Amino acid sequence: MPIKGVLLLAFLGLTVASFGLYFSREHTVSGAPIVYMTGSPGPDGQEMVRRFREWLAKENLSDVDLRIDASNSDPSKVVIQGISGIGADLIPSNLGPDLRYLKAMGLLTDLTDVAEHGGFGPKTFASVAQVETGIDGRQFAYPTLLYVLMNYANLDTFALLDLPPPPPQMSFDEFEALGKQFVEKANPPGQKRRRFFCNAVSPLTMRRSLGLDTFNETLTQCTLDDPRNIRVLSLIHQWTYDVRLLPSATDMASFASDGSTASSFGPRLYQFAQGNIAIIAGGSYLTNSLRKLGNLRLAVLEPPNGGFPNAVFGAAMLALYAGSPNPEAAMRYLRFLASPEYSTQLIASGQGIPANLTMARHPDFLHPPDHPNEWGCNERFVDAIETIGIPYTPSPFVLYSVYHRISEEAFERFMADRCTAEEAARRAADGINAEIARTLEEQPELKERHEVLTARQREIDARRSRGEKVPLAWIENPFHRLYYQAQGWIE
Amino acid sequence: MKPSSVSFRALVVGLAFLLPNILGFLTFTLAPLFVSLAMAFTNWDLRLHNMFNGGEIKFVGLANFQRLLTLPDFWQYFGNTLFLMLGIPFSIAASLLTALLLSHQPKSPRRQAIPIILAGTGLSAGCGLLVAAGTAGSAFSLLIAGLFTLMFLGGASVGTGFYRTIYYLPNFTAGVATFLLWKKMYDPQTGPVNAAIQPALDRISALVTSAPSHSGTTLSWLMAGMSAVILFVGMRLVAARHAFDRTDYRPHRHQAAKRSVWRAGFVLAIAAGVFLLSRETPGFFAAAGGLKTPNWLTDYHWAKPALMIMGFWASIGSNNMLLYLAALGNVPKELQEAASIDGAGPLQRFVSITWPQLAPVTFFIIIMSVISGLQGGFEMARTMTQGGPGGATTTLSYFVFSEGFTTGRLGYASAIAWTLFAFVFAVTLLNWKFGNRAANE
């Protein structure tokens with residue numbers, strides 16, 4: 001056969017195979033509309049899908065073939081797939097500022113009206129979560145769970161070393177004193193320290209506890225070059241390399257190779273269960289993974305503070321992709337999120353705090369019948385949301401991913417002894433302020449707002465320097481709003 | 001049928017077969033290339049314009065390039081890229097050495113394989129005994145050292161297709177899988193790399209600690225003296241060789257002078273290196289008492305060398321090795337035989353015959369390595385370090401990605417990509433101008 005004949009045959013074969021493949025694809029044979037949801041894998045996810053379909057049947061709603069896409073939850077993948085028109089129907093976001101980025105790109109469907117009529121509007125979840133799900137007064141997502149970043153303590157570890165349980169609140173000095181006591185008792189003298197008091201502390205929470213946020217009151221300027229931030233950086237360095245309360249990046253990398261892949265949250269939980277780390281930072285979403293490591297006696301502590309107790313609060317959310325081919329079917333899952341069936345399953349699985357705080361006060365959540373070792377923990381998480389929880393600061397003038405990258409890089413340089421704390425703080429502030437200036441240059445429509453807010457900031461500063469109070473409405477930064485109220489600086 | 005209609009028909013048929021490929025190239029390579037060039041001069045931001053947002057895209061001229069070139073971070077990332085490229089000469093040398101070892105065909109492979117099999121069996125038995133005796137660390141070090149030795153010996157003496165396959169294996173493995181493996185290997189506490197290095201460092205530490213306190217200074221003086229001897233003897237040898245090479249034929253005289261200058265430079269570099277080492281010796285002795293293994297990927301200073309070492313490993317069995325293998329097969333045997341008859345040793349044969357014959361391939365490899373070096377580093381950074389610590393492993397390609405999809409500034413990201421292209425183009429031009437001439441001389 002001539003070569004042309006062979007090639008023609010191959011072409012025909014491939015054409016037939018392509019049609020065969022197309023008509024055998026699952027979506028063409030599935031009876032229900034398919035909805036893709038980007039999220040974490042695992043039996044709990046599949047169980048949630050099963051419950052969802054049961055709920056659909058109970059509510060006499062038509063069936064939905066919900067599929068979890070476990071491999072595409074990385075934020076950059078969400079963006080790339082989203083702008084390419086092939087995003088999942090339900091897009092996850094764990095941070096309010098990230099949700100704003102997706103919204104700014106037009107990837108999200110405005111849910112306000114349909115949620116109001118469909119029974120999954122803002123009234124069905126905690127009002128504090130509305131800061132995360134709402135943008136300019138419109139609803140763009142529904143919270144799947146709430147989180148507040150506190151510290152879990154393994155009480156068994158403390159008991160084994162004859163140390164008293166740590167108090168629920170600690171100042172920086174108390175944290176350091178107790179930490180020193182722990183690491184000295186836990187590590188044999190003269191040997192390299194392999195057991196640590198805490199896996200990590202949050203620079204954001206620490207500087208907020210000193211009355212400082214990443215941005216000023218009107219979000220117009222970065223304030224990381226403040227001496228309070230320099231103090232925080234120095235403290236973390238000291239705790240990591242001098243008194244060794246915290247593991248360094250190298251220690252953490254080492255933990256990652258200890259064969260401790262017992263949970264999706266990495267090796268820190270395994271080390272925590274083993275008693276090599278006494279306290280781990282995280283939210284109640286860790287409970288599910290901790291349960292797999294045994295019945296640890298747990299307590300929940302607030303992060304160490306310098307005078308103003310606080311903890312980062314947020315919500316894991318699902319938003320509807322603007323290019324979804326099945327928006328009606330996808331919204332049925334958002335309705336399910338508002339149902340008691342969803343919250344019940346969430347409570348049973350220990351994957352997080354239900355967005356509906358009434359459900360979060362349910363006895364089964366506060367005192368899980370099968371897990372008496374956890375009693376008291378969830379209560380503290382829920383209390384913290386209502387008392388000390390503050391979301392990440394969203395700024396209209398700089399993307400969260402950008403300012404996070406800049407401040408992290410400066411922090412890493414400092415921790416690697418490439419610069420002093422002062423230089424790191426200056427580098428972060430200069431970098432972020434340069435980004436703000438760049439945003440204003442690229443988006444001139446923001447300039448007027450920035451100028452108004454800058455003028456207002458000058459007025460706030462003048463008033464504060466005279467010791468006068470300021471109107472709450474002047475303050476844009478969610479942290480400063482709470483801080484000013486707590487200090488009695490509001491008119 | 002007229003000849004012209006036949007050739008036209010053949011052209012149409014040929015084009016029809018090529019059409020899918022041409023269409024694919026136009027759609028997925030050429031068109032995006034021009035679009036990205038246009039984007040580099042705009043303010044295209046995903047927040048302004050994408051399939052869901054129809055915001056106006058503005059022409060901003062050279063603003064993106066101006067911003068980029070005045071950004072200190074850009075120069076840091078460019079420096080990182082160049083630093084990682086310092087490994088290229090070593091990688092090329094490694095692939096050449098591997099190809100040389102693998103191109104060696106022994107006369108009686110079976111007989112030469114016997115000692116290797118015996119050595120392997122002995123090594124395995126030794127490791128087994130050490131593990132049984134509870135000294136797994138020593139067994140591991142022995143195993144690693146022995147494995148390398150056996151591989152090199154095996155390549156040198158057997159040089160069969162089996163070894164060629166083994167050396168080429170890393171090229172079959174997916175990059176990300178390899179990077180994850182290396183990430184585990186670089187683990188500072190439990191990784192095999194540090195496990196292999198630590199015993200040696202411990203021994204050096206013990207040796208230094210037990211040495212008399214003045215050893216560092218004494219050794220420093222000895223090395224300084226040695227550098228003087230190298231300089232003196234080396235220059236004498238260069239002068240002697242130059243006298244031997246001297247000729248009245250003008251072109252040859254010029255070449256001989258050039259070679260002598262190179263030789264003198266080489267001797268000078270060696271002597272200077274030894275002298276500089278002698279200056280550092282007392283400091284080394286002072287610090288060597290507590291020698292520690294590096295924190296490879298989490299230490300600012302070690303992260304880049306760690307990636308370079310990994311790249312060096314990958315290059316040993318790379319496509320460059322295949323190119324060298326093919327080129328070595330084309331070196332005329334008659335030349336080698338003639339040189340042997342004239343009394344040339346293996347090193348002389350390599351320097352005077354093999355290496356010049358390999359010059360065109362080496363030139364090609366250098367060009368391709370420099371291009372891929374400037375473009376590279378993204379997968380490694382993304383998988384192993386996320387560009388950290390402190391931006392130490394952020395290369396230009398990783399910077400393109402983060403600006404494009406973390407911040408959504410597609411216009412700016414395109415400007416970075418085209419600036420990178422300009423660097424690649426300029427370096428390639430320089431390579432062509434100077435390297436091509438050198439390769440053909």
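Helices (H or I, at least four residues) and strands (E, at least two) are DSSP runs, numbered from the N terminus. The model is predicted, so local features need pLDDT of at least 70 and side-chain atom pairs count only at pLDDT 80 or more, while totals for chains, interfaces and linings use all residues. Residues are numbered from 1 along each chain as its sequence is written, with chains lettered from A and ligands numbered from 1 in the order in which they are written.

**View 1. Helix α21 of chain A and what its buried residues pack against.** Helix α21(A) covers residues 421–442, 22 residues in total. From first C-alpha to last, α21(A) reaches 31 Å, close to the 32 Å expected at 1.5 Å a residue (the expected span is 1.5 Å times one less than the number of residues). Its buried residues (20 or more other C-beta atoms within 10 Å of their own; 12 or fewer is exposed, in between is partly exposed, and C-beta atoms are placed from the backbone) include Ala421(A), Ala424(A), Ala425(A) and Ala428(A). Arg427(A), Asn433(A) and Glu435(A) are also among them. An α-helix has 3.6 residues a turn, so residues three or four places apart point the same way. The partners of this buried set are α11 (227–242) and α20 of chain A.

**View 2. The side of chain A that touches chain B.** The contact takes 27 residues from chain A and 28 from chain B, where two residues are in contact if their C-beta atoms, placed from the backbone, lie within 7 Å. On the chain A side, α4 (75–83), α12 (249–255) and α20 (400–415) each supply at least two residues. The largest share, six residues, comes from α20(A). By type, the chain A side divides into 13 nonpolar, seven polar and seven charged (Ala, Val, Leu, Ile, Met, Phe, Trp, Tyr, Cys and Pro count as nonpolar, Asp, Glu, Lys and Arg as charged, and the others, Gly among them, as polar).

**View 3. Where α14 and α15 of chain B cross.** The axes of α14(B) (residues 333–341) and α15(B) (residues 346–375) come within 10 Å and cross at roughly 145 degrees. Here, axes are lines fitted to C-alpha atoms, for helices over the stretch in contact, and angles run from 0 to 180 degrees between N-to-C directions. Leu335(B), Gln336(B), Ala339(B) and Ser340(B) on α14(B) meet Arg349(B), Ser352(B) and Ile353(B) on α15(B). That contact is made of three nonpolar, three polar and one charged residue.

View 4. Most residues other than glycine have a negative phi, and most peptide bonds are trans. Leu219(A) counts as buried because it has 24 C-beta neighbours inside 10 Å. With 14 C-beta neighbours inside 10 Å, Gln386(B) counts as partly exposed.

**View 5. Asp173(A) in helix α9 of chain A.** Helix α9(A) spans residues 172–186. Asp173(A) is exposed, because there are 10 other C-beta atoms within 10 Å. Asp63(A) is 110 residues apart from Asp173(A) along the chain, and 57 Å separate their C-alpha atoms.
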